[in-house]
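Hi,

Here is the structure I promised to pass on.

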Amino acid sequence: MEIITNKIDIAKEILKCRYSALYFLETYIKIPVPGGYITQKESDIWNATPKYRRIVKMYESSNVNNILFMASRQHAKTTTIAQLILHALLFYPGLKIEMLTLTKKNAEDTIERIKFMYSHLPDWLKIASYKGRGDYKTYIELDNNARFNTRYISGNISPFSIPLGLLSE
């Protein structure tokens, strides 16, 4: 990947990422593999089927309140959703996202995936940074006031209105 240092090119790239989640995911998101990490676009799983791109395009072209995605187990749903959550947190200041899972482990796993992806972004693309310590296991809050909370069934669910809700196994 080409290193971008020119401020005008950085601004253009940030705008491209803001308006195309697919471009952001395929160009800048890193996913862990044995021995390191690769970009999403280099992933054999990502390239084996168009379904992931369809999910992202559905997210891009729809009112996010109208998306219902159901799929069987082990189909990279959590990873794909974590990528879209990171995109939303960075590029939609003030957005509040809630995710309901069955277990505390699933909630913490999703947070860890997002943190891994965030940590491997180029510094110039980290347009919002962690608010507070950043080491919380059940939520992420950025200094642009975007926040992602995870709750698990055995925990308490806050009774407030949110613009994006996710239910995960």
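E141 is buried, because its relative accessible area is 18% (buried means under 20%, exposed over 50%, partly exposed in between, with a 1.4 Å probe and protein chains only). Its salt-bridge partner is R147, at 3.2 Å from N to O (a salt bridge is a side-chain nitrogen of Lys or Arg within 4 Å of a carboxyl oxygen of Asp or Glu). R147 is partly exposed, at 22%.

Before going on, some ground rules. This is a predicted model, where local features need pLDDT of at least 70 and side-chain atom pairs count only at pLDDT 80 or more, while totals for chains, interfaces and linings use all residues. Residues are numbered from 1 along each chain as its sequence is written, and side-chain values use heavy atoms, with hydrogens and water left out.

How many salt bridges are there? The structure holds 7. Another one of them joins R53 to E26, with the closest N and O atoms 2.7 Å apart. R53 sits in helix α4 and E26 in helix α2, so this pair ties together parts 27 residues apart in sequence (helices, H or I with at least four residues, and strands, E with at least two, are DSSP runs numbered from the N terminus). E26 counts as buried at 11% relative accessibility, whereas R53 is partly exposed at 22%.

Now the inside. The largest nonpolar core has 40 residues, and among those touching the most other members are F24, L89 and F148 (such a core is a set of buried Ala, Val, Leu, Ile, Met, Phe, Trp, Tyr and Cys residues joined through side-chain atoms within 4.5 Å). Helix α5 gives the most to this core, with 9 residues. Of the 15 residues in α5, 14 are buried, so this helix is largely enclosed by the rest of the structure.

Helix α6 is worth a look too. Its buried residues include A107, I111 and Y118. Seen down the axis of α6, the buried residues fall within an arc of 165 degrees, so they line one face of the helix (the arc is that of the directions from the helix axis to the C-beta atoms). They pack against β1, α5, β3, β4 and β5 (contact means heavy atoms within 4.5 Å).

Where pLDDT is low, the predicted coordinates should not be read in detail.

Cheers
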